[in-house]
Amino acid sequence: MHFVGFAELAAAVSNAGGLGIITGLTQGTPEKLAKEIARCRDMTDKPFGVNLTFLPSLTPPDYPGLVQAIVDGGVKIVETAGRNPEQVLPALRAAGVKVIHKCTSVRHSLKAQSIGCDAVSVDGFECGGHPGEDDVPNFILLPRAAEELKIPFVASGGMADGRSLVAALALGADGMNMGTRFIATKEAPVHQRVKEALVAASELDTRLIMRPLRNTERVLKNAAVERLLEKEKTLGANLQFSDIIEEVAGVYPKIMLEGDMEAGAWSCGMVAGLIHDIPTCKELIDRIMVEAESIIRQRLVGFAGR
């Protein structure tokens with residue numbers, strides 16, 4: 001949700017009954033994150049969280065400063081992703097902050113549990129962004145997580161509607177996490193062309209990039225992505241990140257804010273095939289809950305009564 005998870009969207013999701021998340025690394029500095037948290041507080045009196053993603057970098061963000069901005073802003077829920085978040089847990093725990101770590105495997109989920117994370121977001125292979133390297137879809141990953149975990153977990157990847165929610169609950173999850181679906185909402189502060197691209201896309205329109213670098217990312221196909229994949233094919237084992245930097249580095253502002261849909265690769269889940277409109281966050285969440293209740297009370301109860 002880079003350059004998507006701003007205060008506008010986080011507040012709209014929380015106001016609609018979900019848990020909105022501000023994307024911390026989009027802000028970049030503790031000072032900017034503190035201002036974004038304050039902006040979100042002006043827009044909602046409901047709980048919201050902040051995502052902190054730990055990525056390899058030559059110039060790492062000021063993670064201690066970002067954590068302090070979260071604590072000072074009174075945020076009580078943090079979603080972590082990427083590398084092990086153990087470095088920030090003591091400070092967050094001391095401030096009473098609950099930590100949900102995003103994992104793409106059962107073993108990583110168990111590690112998150114062992115280091116003291118309060119919950120896990122289990123990310124199946126269908127997801128947009130980084131699905132890991134195991135390629136296990138949620139129909140297998142969620143029940144496996146349910147077999148192993150003692151802490152709560154939510155389903156992430158392929159989640160779009162009431163059917164997704166009921167399925168996630170049936171497979172053992174305690175709820176669901178949506179990323180791509182929330183980009184195609186009226187409050188999402190991205191260019192209209194981004195939202196229209198999601199409505200137009202099918203489940204066949206994502207591609208996996210950076211597999212040779214073991215940094216796999218699921219993105220929506222476009223000219224830049226096809227160019228990147230051709231480089232991967234041509235260079236093979238000799239591929240270096242520098243070879244594809246034009247297609248992946250610094251492209252999000254051009255895409256999300258300016259609507260240049262060919263500027264580079266941007267994260268998108270296979271769930272695009274289930275996105276057919278651009279509702280408000282409240283319309284979307286209300287619809288999900290009505291549909292889920294209908295499935296449980298009518299379709300499933302009907303099966304049970306046979």
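# Briefing: helices, salt bridges and buried residues

E226 is partly exposed, at 37% relative accessibility (buried means under 20% relative accessible area, exposed over 50%, partly exposed in between, with a 1.4 Å probe and protein chains only). This is a predicted model: local features need pLDDT of at least 70, side-chain atom pairs count only at pLDDT 80 or more, and totals for chains, interfaces and linings use all residues. Residues are numbered from 1 along each chain as its sequence is written, and side-chain values use heavy atoms, leaving out hydrogens and water. The structure holds 20 salt bridges (a side-chain nitrogen of Lys or Arg within 4 Å of a carboxyl oxygen of Asp or Glu).

**R207 and E226**

- R207 and E226 form a salt bridge, with their closest N and O atoms 3.8 Å apart.
- R207 sits in strand 8 (residues 206-209) and E226 in helix 11, so this pair ties together parts 19 residues apart in sequence. Helices (H or I, at least four residues) and strands (E, at least two) are DSSP runs, numbered from the N terminus.
- R207 counts as partly exposed because its relative accessibility is 25%.

**Helix 1 against helix 3**

- The axes of helix 1 (residues 7-15) and helix 3 (residues 30-43) come within 9 Å and cross at roughly 35°. Axes are lines fitted to C-alpha atoms, for helices over the stretch in contact, with angles from 0 to 180 degrees between N-to-C directions.
- The crossing of these two helices is right-handed (the near helix is turned clockwise from the far one by less than a right angle).
- On the helix 1 side, the meeting residues are A7, E8, A10, A11 and N15. On the helix 3 side, they are E36, R39, C40 and M43. Contact means heavy atoms within 4.5 Å.
- E8 and R39 form a salt bridge, and their closest N and O atoms are 3.0 Å apart.
- That pair links distant parts of the chain, with E8 in helix 1 and R39 in helix 3, 31 residues apart.
- E8 is partly exposed, with a relative accessible area of 30%. R39 is also partly exposed, with a value of 32%.

**Helix 7**

- R144 forms a salt bridge with E148, where the closest N and O atoms are 3.1 Å apart.
- R144 and E148 are separated by about one helical turn, because they are four residues apart in helix 7.
- R144 is partly exposed, with a relative accessible area of 32%. E148 counts as partly exposed at 32% relative accessibility.

**Helix 8 and its cover**

- Helix 8 (residues 162-170) has buried residues G162, S164, L165, V166 and A168.
- Their cover includes helix 7 (138-148), strand 6 (153-156), strand 7 (176-177) and helix 14.
- Just after helix 8, G172 takes a positive phi of about 115°.

**V225, in helix 11**

- V225 lies in helix 11 (residues 223-235). At 0% relative accessibility, V225 is buried.
- Not counting residues up to four places away in sequence, V225 touches R207, I209, V219, L220 and A265.
- V225 and G132 are 93 residues apart in sequence. Their C-alpha atoms are 19 Å apart in space.

**Two buried loop residues**

- T185 belongs to the loop between helix 9 (180-183) and helix 10 (192-200). T185 counts as buried because its relative accessibility is 0%.
- Not counting residues up to four places away in sequence, T185 touches L9, K195, I278, P279, C281 and L284.
- T185 and Q87 are 98 residues apart along the chain, and their C-alpha atoms are separated by 34 Å.
- V97 is in the loop between helix 5 (89-94) and strand 4 (98-103). V97 is buried, with a relative accessible area of 5%.
- Leaving aside neighbours within four places in sequence, V97 contacts V75, K76, I77, V78, L92 and D118.
- V97 and R181 are 84 residues apart in sequence and 27 Å apart in space, C-alpha to C-alpha.

**A nonpolar patch**

- I296, L300 and F303 make a nonpolar surface patch of about 250 Å².
- Patches are made of residues with over 30% relative accessible area and no salt bridge: like charges are joined within 9 Å, nonpolar side chains (Val, Leu, Ile, Met, Phe, Trp, Tyr) within 5 Å. Accessible areas come from the Shrake-Rupley method with a 1.4 Å probe; for residues, only the protein chains shown count as cover.
- I296 is found in helix 14 (residues 281-304). At 40% relative accessibility, I296 is partly exposed.
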